[in-house]
Amino acid sequence: MSGGQDRWVLHVDMDAFFASCEQLTRPTLRGRPVLVGGVGGRGVVAGCSYEARAFGARSAMPSHQARRLVGPSAVFVPPRMPVYRALSRRVFEVFAEHAPVVEQVSVDEAFMEPPELRGADSDRTRAWAQDLRAAIRETTGLPASVGAGAGKQYAKIASDLAKPDGVAVVSRRDHAEVLEPLPVRSLWGVGPVAGERLAQFGITTIGDLAGMDDDDVVQALGRTVGPAIARIARGYDDRPVRERAEAKQISAESTFATDLTTAGQVAAAVRRAAEGAHRRLLADGRAARTITVKVKRSDFSSITRSYTLPAGTTSLETIISVARSLAPDPVDFGAIRLLGVGVSGLTEFHQDALFEQEFVPDPRAGVGGDSGLGDEDLPDIVGVGTTVTTEDPDDDEGAVVVPAIGAWRQGVEERFRTGSDVRHPEFGHGWVQGSGHGRVSVRFETAATGPGRMRTFSEDDPDLEPADPLDSLGW
């Protein structure tokens with residue numbers, strides 16, 4: 001029995017949340033390599049099951065690359081955000097039953113600091129975490145990993161060690177043994193650029209950073225964040241667990257070591273920043289209507305430009321296309337030292353399932369030309385609370401071609417697309433496994449039914465109708 005500890009923070013992270021929701025509500029997918037995301041030529045993986053990760057697939061990877069890695073066993077399904085939000089609400093209801101204060105980090109993770117664990121030992125803390133996992137599984141059917149430590153950073157690292165579907169407890173007395181050998185990139189605030197700077201000082205592990213001279217820390221990471229990160233590496237993280245206000249905007253920006261001077265460099269920077277904002281948007285669980293680009297010249301003057309879509313989007317390619325059309329050409333604008341992409345107008349309603357290509361601005365009309373606003377009239381949303389920092393862009397990525405306003409994806413929309421929810425008066429709720437040549441193959445199952453049978457229908461069968469995705473929960 002280990003000794004007690006004055007403070008225990010727990011970090012709960014739902015395992016492969018989007019894919020786990022799909023495997024829960026579509027039982028045939030359990031145990032299979034599931035990839036959630038766009039299936040088009042420029043689609044991106046929003047989430048993948050552990051079975052898919054075993055092949056090397058991961059979130060934010062181009063769909064065609066993930067398909068190539070996983071092979072013919074890959075199952076692609078489009079995101080169903082209403083289902084994920086509904087299950088997230090259930091999960092957070094369980095959290096609220098176990099702890100008076102829950103700090104939501106994203107749609108599928110949170111911190112808590114149960115008062116009853118003050119002074120508890122590792123064994124009691126582990127038992128509490130196991131009870132929480134069991135309650136989540138009983139209420140939702142979903143797996144979760146729980147990490148416990150003496151502060152937020154250590155709880156987060158512990159939950160990573162607990163994956164998948166487990167518990168890890170790292171007591172303060174075990175910091176040196178468990179945490180110090182881990183890569184320094186395991187710490188919050190140490191991204192690719194900071195990691196490279198630390199590597200130049202020979203710092204590769206948390207233990208290396210903990211023993212680093214204070215002056216070297218400031219030189220490598222800056223006077224503002226360097227000492228704070230070093231303090232966490234040395235085992236001191238007293239940040240409180242507290243409820244967060246709902247984000248009103250999400251953004252990502254980069255300041256570049258070398259100014260951007262070509263359209264290709266700007267296109268690469270837009271994509272990187274958009275990917276950072278998109279990851280936060282998916283974690284938030286809402287869709288965004290307004291996309292904003294912020295750019296700063298080498299002389300430190302800056303502008304922002306925005307465009308508002310007719311409906312909310314969670315599509316990475318839509319965000320990239322709009323942002324690319326808003327970003328200026330450095331040949332005309334001047335060398336760019338900072339670029340950021342933000343999303344706002346956050347809403348629970350979105351229509352990505354209807355069209356693969358939504359409305360986007362027409363670059364031929366001039367950057368931001370349809371907004372009716374001048375540069376100074378547009379809101380600057382970058383850097384407000386939810387900013388994340390991305391790497392410097394590669395120089396060799398080409399420009400993105402943006403269709404005109406009102407342009408839609410070519411071709412007639414399918415009535416029943418693969419992955420969509422349907423209902424039949426005799427067989428109940430199901431989902432489309434495939435369609436073509438006038439036929440639709442449907443697997444009839446929900447979270448409540450267990451694996452179901454597949455049946456094939458004519459595409460114009462009047463008994464087969466689109467259904468609410470929430471019905472797949474079986475509640």
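I began with Phe17: leaving aside neighbours within four places in sequence, I found Phe17 in contact with Tyr84, Leu87, Ser88, Val107, Asp108 and Leu142. Contact here means heavy atoms within 4.5 Å.

Notes on the model. I am reading a predicted model, in which local features need pLDDT of at least 70 and side-chain atom pairs count only at pLDDT 80 or more, while totals for chains, interfaces and linings use all residues. Residues are numbered from 1 along each chain as its sequence is written, and side-chain values use heavy atoms, with hydrogens and water left out.

Entry on the cores. I looked up nonpolar cores, which are sets of buried Ala, Val, Leu, Ile, Met, Phe, Trp, Tyr and Cys residues joined through side-chain atoms within 4.5 Å. Buried means under 20% relative accessible area, exposed over 50%, and partly exposed in between, with a 1.4 Å probe and protein chains only. The largest core holds 46 residues, and Phe17, Phe18 and Phe95 have the most contacts inside it. Helix H4 (residues 81-98) gives the largest share of this core, 9 residues. Helices (H or I, at least four residues) and strands (E, at least two) are DSSP runs numbered from the N terminus. Another core, of 30 residues, lies apart from the largest one and includes Leu260, Val293, Leu309 and Val322. As a general note, nonpolar side chains tend to be buried together in soluble globular proteins.

Entry on aromatic rings. Rings of Phe, Tyr and Trp (its six-membered ring) pair if their centres lie within 6.5 Å; planes under 30 degrees apart count as stacked, over 60 as edge-to-face and the rest as tilted. By this rule I have 7 aromatic pairs. Phe17 and Phe18 make a tilted pair, 6.2 Å centre to centre with 50 degrees between the planes. Phe17 counts as buried because its relative accessibility is 4%, and Phe18 counts as buried at 8%. Phe444 and Phe457 make an edge-to-face pair, at 5.8 Å centre to centre and 80 degrees between the planes. Phe444 is in strand E16 (residues 439-444) and Phe457 in strand E17 (residues 454-458), so this pair ties together parts 13 residues apart in sequence. Phe444 is buried, at 8% relative accessible area, and Phe457 is buried, also at 8%. I also noted one aromatic cluster formed by Phe17, Phe18 and Tyr84.

Entry on charges over rings. The rule asks for NZ of Lys or CZ of Arg within 6 Å of the ring centre and within 35 degrees of the ring normal. Arg90 lies over the face of Trp475, 3.7 Å from the ring centre. Lys152 lies over the face of Phe111, 5.7 Å from the ring centre.

Entry on helix H10. In H10 (residues 214-221), I found Val217, Ala220 and Leu221 buried. Down the axis of H10, the buried residues fall within an arc of 75 degrees, so they line one face of the helix; the arc is that of the directions from the helix axis to the C-beta atoms. Asp215 and Gln219, on the other side of H10, are exposed. Among what covers the buried residues of H10 are helix H8 (192-200), helix H9 (206-210) and helix H11 (226-233). Just after H10, Gly222 takes a positive phi of about 95 degrees.
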